[in-house]
Amino acid sequence: MAIGALLQPWSLLGFLAALMALWWACRVLESTLIVPRRLGRALQSQGLRGTTYRFPFGDLKELARLAMAARAKPMPLSHDITPRVNRLYYNVIREHGKISVTWLGPTPRVIVNDPKLVREIMANKFGHFQKRKHTGIVRRLSNGLVNHEGEKWAAHRKIVNPAFHLEKLNVRTYSYIWRLQLQLQLHMIDLRVLVDMVNFFRFLPTQLNRRIKANARELQALLRGIVSKRERAMKEGRANNDDLLGLMMESNIAETKQAGNSKPIMTMDDIIGELKLFYFAGMDTTAVLLTWTMVLLSVHPEWQHRAREEVQSVLGDNQPDLDGIQQLKIVSTRSPACALLCSHDFSRKWKSDTVVSVLVWSLQVTMILYEVLRLYPPVVQLDRQTYKEVELGGVTYPPGVLLSLPIVFIHHDKDVWGEDADEFRPERFKDGISRASKDSPAFFPFGWGPRICVGQSFALVEAKMALSSILQHFSFGLSQSYTHAPFPVSTLQPEHGAHIMLKKL
Ligand code: HEM
């Protein structure tokens with residue numbers, strides 16, 4: 001009788017649903033209880049200390065609580081920023097040491113606050129670790145080189161690299177991509193602020209989600225149009241391929257031919273993905289670098305003076321001789337960085353198409369930018385994860401562990417940089433990056449190893465160009481309304497803005 005009842009179609013369905021629910025509950029329990037306990041024990045047994053796993057959120061609640069508390073008040077005008085940037089890491093490192101365990105939900109996240117081990121992960125043991133997987137909107141908006149792995153990453157990196165060779169890239173035409181990116185910014189600005197928040201609720205048909213999708217479609221159509229137009233121009237032999245897009249497309253054709261493929265290695269969607277990534281990876285990072293540079297040169301006017309003297313001794317007040325000096329690079333003042341920092345009414349000169357030269361190797365300006373990148377790195381930390389058992393620093397890490405490379409903490413570590421680690425002392429870079437720190441190199445604002453930032457030279461030229469132009473035309477200082485509140489959003493931002501008073505020279 002009981003078996004007969006069970007064979008009724010609805011009872012059978014109910015039984016299957018119950019089985020599935022049970023299977024699902026077991027999976028959840030396994031990933032949130034059994035696996036974390038096993039991974040935690042494996043790390044603890046090898047001497048790693050840290051926080052204890054709390055079901056199911058790990059340290060996430062504490063991270064949020066400490067971040068809120070840090071954000072609640074600004075800090076004094078000092079460069080000792082790590083407690084504000086990540087209070088949880090600060091507390092854990094102080095209590096448990098430089099290599100210590102925290103919990104990102106049920107996943108152990110080991111802080112690797114040691115430049116030697118960071119170099120191991122990024123360079124010597126490259127390929128033994130993966131990047132952390134992103135999903136949802138983050139992936140949709142920047143699905144390019146930075147997210148690829150393995151062969152796909154290697155093939156794309158090979159194609160993208162030549163596009164960033166400064167000797168090939170006509171720096172005057174940087175502005176084409178950048179102009180495009182300014183256009184994109186209008187479409188994307190809402191999205192970027194909400195990236196993290198929205199990710200979780202991305203499936204809900206809210207008004208915001210609908211707007212995001214519409215924006216993404218519009219952006220895709222805009223970029224598709226630009227790439228198709230360039231493709232046609234290339235076929236008809238009337239394209240001037242000395243900008244990022246052109247060089248990347250040329251390189252794609254060359255690599256495809258060399259590989260003997262009938263289809264291009266990078267598809268239209270791949271190219272669009274890279275263009276979006278250039279925007280996300282390049283725009284904000286360079287803009288915050290310049291913003292912090294303005295803040296720090298306001299706080300340290302003696303360095304502003306030294307930098308201005310150097311720029312003036314090279315550029316003077318005259319239009320520079322473009323061909324004259326080998327070490328000079330020619331760039332357009334119409335960069336987004338200038339546009340961001342200098343609103344249109346500061347000076348009519350800014351609106352002109354003036355071409356200025358920037359001393360790419362300029363010592364003072366380079367040292368200043370490096371010191372700003374050290375103290376206020378736009379990307380404060382990087383993540384890698386283990387996908388197989390791997391030895392690092394005497395510890396064998398099982399698969400499924402996140403390794404957090406806390407750039408900002410390494411950049412402020414007194415054991416690495418000396419007692420003056422929290423001070424603004426650009427002269428520490430006078431003999432180059434490798435001599436600036438005790439444990440060298442320990443300067444990772446652009447990452448390290450094969451995956452080092454492909455746009456780093458581009459970013460530095462852009463920053464030098466903008467900074468030199470600003471120094472030529474203005475002196476500046478902090479407004480009284482400025483409050484010092486460095487805080488990581490996607491990059492390290494001055495939370496309440498950078499209120500700077502510019503005085504026309
Ligand atoms: C101050 C400015 C910049 C900073 C601080 C910066 C920082 C970084 C860092 C830390 C990485 C390594 C990520 C990782 O290993 O997980 C990276 C990668 C990357 N950056 Fe930048 N970046 C800057 C400017 C730019 C610009 C201007 C572009 C392009 C227009 C760009 C494009 C990329 C790309 C495509 C990657 C991925 C490289 C790969 O995985 O092979 N970045 N950047």
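In this briefing a residue counts as buried under 20% relative accessible area, as exposed over 50%, and as partly exposed in between (1.4 Å probe, protein chains only). By that rule Glu 149 is partly exposed, because its relative accessibility is 27%. The structure is a predicted model, in which local features need pLDDT of at least 70 and side-chain atom pairs count only at pLDDT 80 or more, while totals for chains, interfaces and linings use all residues. Residues are numbered from 1 along each chain as its sequence is written, and side-chain values use heavy atoms, with hydrogens and water left out. Helices (H or I, at least four residues) and strands (E, at least two) are DSSP runs numbered from the N terminus.

**Annotated segment**

- An unreviewed UniProt entry lists residues 12-29 as "transmembrane region"; UniProt positions follow the numbering used here, feature names are shortened, and annotations may be inferred rather than shown by experiment.
- In the model this span is 100% helix and 0% strand, and its end C-alpha atoms lie 26 Å apart.

**Iron site**

- The iron atom of the ligand has a single donor from the protein, the SG atom of Cys 453, at 2.3 Å.
- Donors are N, O and S atoms within 2.8 Å of the metal (3.2 Å for Na, K and Ca); water is not among the atoms, so sites may look incomplete.
- Cys 453 is placed in the loop between H18 and H19.

**Salt bridges**

- Side chains of opposite charge can pair when their charged atoms come close.
- A salt bridge here is a side-chain nitrogen of Lys or Arg within 4 Å of a carboxyl oxygen of Asp or Glu, and the count by this rule is 25.
- One of them joins Glu 495 to Arg 84, with N to O at 3.2 Å.
- That pair links distant parts of the chain, 411 residues apart: Glu 495 is in the loop between strand S13 (492-494) and strand S14 (500-504), and Arg 84 is in helix H4 (residues 82-85).
- Glu 495 is partly exposed because its relative accessibility is 24%, whereas Arg 84, at 6%, is buried.
- Arg 451 and Glu 149 form another salt bridge, their closest N and O atoms being 3.7 Å apart.
- Arg 451 lies in the loop between H18 and H19 and Glu 149 in the loop between helix H7 (136-141) and helix H8 (150-160), so this bridge ties together parts 302 residues apart in sequence.
- Arg 451 counts as buried because its relative accessibility is 15%.
- A salt bridge of 3.1 Å (N to O) joins Arg 428 and Glu 371.
- Arg 428 lies in the loop between H18 and H19 and Glu 371 in helix H16, so the pair connects parts that are 57 residues apart in sequence.
- Both Arg 428 and Glu 371 are buried.
- A network of salt bridges links Glu 371, Arg 374, Asp 420, Arg 425, Glu 427 and Arg 428.

**Aromatic pairs and charges over rings**

- Rings of Phe, Tyr and Trp (its six-membered ring) pair if their centres lie within 6.5 Å; planes under 30 degrees apart count as stacked, over 60 as edge-to-face and the rest as tilted.
- The structure holds eleven aromatic pairs.
- Tyr 53 and Trp 103 form a tilted pair, because their planes are at 50°, with the ring centres 5.0 Å apart.
- The two are 50 residues apart: Tyr 53 is in the loop between strand S1 (49-50) and helix H3 (60-71), and Trp 103 is in strand S2 (residues 99-104).
- Tyr 53 is buried at 12% relative accessible area, and Trp 103 is buried at 4%.
- Tyr 370 and Phe 429 pair edge-to-face, 5.4 Å centre to centre with 70° between the planes.
- Tyr 370 is in helix H16 (residues 363-375) and Phe 429 in the loop between helix H18 (414-417) and helix H19 (456-473), 59 residues apart.
- A charge sits over a ring if NZ of Lys or CZ of Arg is within 6 Å of the ring centre and within 35 degrees of the ring normal.
- Arg 306 lies over the face of Trp 303, at 4.0 Å from the ring centre, and Lys 504 over that of Phe 474, at 5.7 Å.

- Thr 285 belongs to helix H12 (residues 268-299) and is buried, with a relative accessible area of 18%.
- Beyond its neighbours within four places in sequence, Thr 285 is in contact (heavy atoms within 4.5 Å) with Pro 378, Val 379 and Thr 491.
- The C-alpha atoms of Thr 285 and Gln 493 are separated by 9.6 Å, although the residues are 208 apart along the chain.
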